[in-house]
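This report walks through a structure for a reader who has not seen it before. The sequence and the model are shown first, and the text follows.

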Amino acid sequence: MIGIVGAKTISGVSNMGQFARFVWQSMIASLRSCASSRTYPLIWTQMNIIGVRSVPVVMITGAFVGMTLAVQAYDQLAGMGLEEHLGILINISVVKELGPVLAAVMLAGRVGGALTAELGTMNVTEQIDAIRSMGTDPIRYLVVPRFLACLLLTPVLIIYADLMGIIGGHFVSVIQLGINSRAYWNFSANGVELWDISIGVIKGFFFGAAIAVISCYKGFTCKEGAQGVGRACTEAFVASLISILALNFALAVIFKAIYNTFWQLKSLV
Amino acid sequence: MKKKYENNLDMETCSNGMLEVKNLTKRFGTNVVLDNISLTIEKGKTTVVIGPSGCGKTVLIKHLIALLRPNSGEVYFKNRRIDNLNENELNRIRTHYGFLFQGGALFDSLNVTENIIFPIRQHCKITNWREVEELVKAKLAMVGLDGFQQFYPANLSGGQRKRVALARAIALNPEIILYDEPTTGLDPIRADVINELILKLQKELGVTTVVVTHDMTSAYKIADRIIMLHNGKIIASGDADHIRNHPHPVVQQFIKGQVSEDDLAVLRMSGTISQAQFLPRDFE
Ligand SMILES: Nc1ncnc2c1ncn2[C@@H]1O[C@H](COP(=O)(O)OP(=O)(O)O)[C@@H](O)[C@H]1O
Ligand SMILES: [Mg+2]
């Protein structure tokens, strides 16, 4: 029993070490590749696959989040006669938390799953070994374009989600629930700061990087067989999801600290 | 004209040992696959490694190009130790190799032409595309697949994939080619074409060749030297005649394709086939 726990701990620690090494190598290779024009076409292809094709999914997610918030929050606010504040509530929630997190979750499913499956299949059919055997670094050729595409496009997709969330919320509030449009926007404009929007977008870089690195790592270390690939995909999704939520919490704490020290000073000036 | 796309990395050339393996041991968990193996692959010769499936032939050949690292022991390429180099240093050395994988390992997302020019693109800047197209055509003609340039691997048969993979392996005109079961899964005629091709590459270009196989026809035809692996050890090593007349019973069983007495005994002991089958009434 103790032996089993011990062995699990050892393999867990060594896996963490392996993962950290993988992340480090990917970062170094990414920085190097930014300087070489040879990887640009690869990045471009991945941007199309990862980014452009995710736009509809992310937009639909955003729209439903905004609309649902409007429906749910209306009763509470109307009870207190504050229904015109609905805009600020919806827009802050969407822009700061729900837009980024839910868009990232959708991407972890859509993009992360595909990345793991693709790289995992390449791994078990020896294609990754084949790249190495021809004197090319598979991290540079496979991971870097995917990593950079996720890193750069997740924030953009989050902006799409935010926009659709705002439009969806407005649609339900004004057209469905009959709130005065001008009041809705006035309260929103006063309540939502540039800071709130930036937080959401900055989170996107972290979420995108986490999704790409975890999914690629799981693909690279995938076990033999179709079952191995399936398992790697599931594990990658769960790990991405948890790290998105954990990162979200950590970033919330950090941003709060930064906000309290700097942003308020700035508004005093 | 074609020289431009060939290797221009100079390395000190030296004695007859192109590749040398010293006391190599490889374990996966507690499974000892290779147990203290030493061998030398001679320059310009064809060395064939034989052994039953699962005896560690693929593991051995992957150590020769440092795709796998040994638990203990050393691997030398042209007297330079390679098993402890990092991947960056290895990438330069690996351009001297061609490796044919057991399943071909073609890139699914690239068509035949793109697969073959992959190694060229990675190491040279292609300026003249016509020249490269001709190169691809020539390499494909060598494996009898000219005309398949635009096909994707998914639309090729297993044997065709293997032949495209061979064309890719020789794209950079390597000095040493490692073949992992080149003839397995091919019909006898195609298998013989591959044998002839291996011989031709070795004779005309002086390529050092290592072939891993369990196809004895192929082994006898191409080998300058045959090595037999069994239980992680080398149990026989010599030319075709030496192996044919080798006294070791395991070698004789393998080259003649006979079942061992132990295996037969298991089959006899387990009684009639019908006793070992599930019958419909077992599920009621
Ligand atoms: N990556 C790996 N992890 C664990 N075991 C492996 C791995 N690769 C090979 N093995 C084991 O090594 C042994 C030899 O495999 P291999 O070299 O592929 O045999 P073959 O002679 O048929 O090519 C097998 O028992 C296999 O289970
Ligand atoms: Mg094998």
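Helix 2 of chain A (residues 40-51) has 12 residues and reaches 15 Å from its first C-alpha to its last, close to the 16 Å expected at 1.5 Å a residue; the expected span is 1.5 Å times one less than the number of residues. Helices (H or I, at least four residues) and strands (E, at least two) are DSSP runs, numbered from the N terminus. This is a predicted model, in which local features need pLDDT of at least 70 and side-chain atom pairs count only at pLDDT 80 or more, while totals for chains, interfaces and linings use all residues. Residues are numbered from 1 along each chain as its sequence is written, chains are lettered from A and ligands numbered from 1 in the order in which they are written, and side-chain values use heavy atoms, with hydrogens and water left out.

Within helix 2 of chain A, the residues A:Ile43, A:Gln46, A:Met47, A:Ile50 and A:Gly51 are buried. Buried means under 20% relative accessible area, exposed over 50%, and partly exposed in between (1.4 Å probe, protein chains only). Seen down the axis of helix 2 of chain A, its buried residues fall within an arc of 110°, so they line one face of the helix; the arc is that of the directions from the helix axis to the C-beta atoms. These buried residues pack against helix 3 (55-79), helix 4 (86-124) and helix 6 (138-176) of chain A.

The contact between the chains takes 24 residues from chain B and 16 residues from chain A, where contact means heavy atoms within 4.5 Å. The rule finds 3 salt bridges across this interface. One salt bridge joins the side chains of B:Lys62 and A:Asp129 (3.1 Å, N to O); the term requires a side-chain nitrogen of Lys or Arg within 4 Å of a carboxyl oxygen of Asp or Glu.

B:Phe99 touches A:Ser133 and also, among others, B:Lys62, not counting residues up to four places away in sequence. The C-alpha atoms of B:Phe99 and B:Lys62 are separated by 9.0 Å.

| Residue | Relative accessible area | Class |
|---|---|---|
| B:Thr25 | 10% | buried |
| B:Phe99 | 6% | buried |
| B:Gln102 | 32% | partly exposed |
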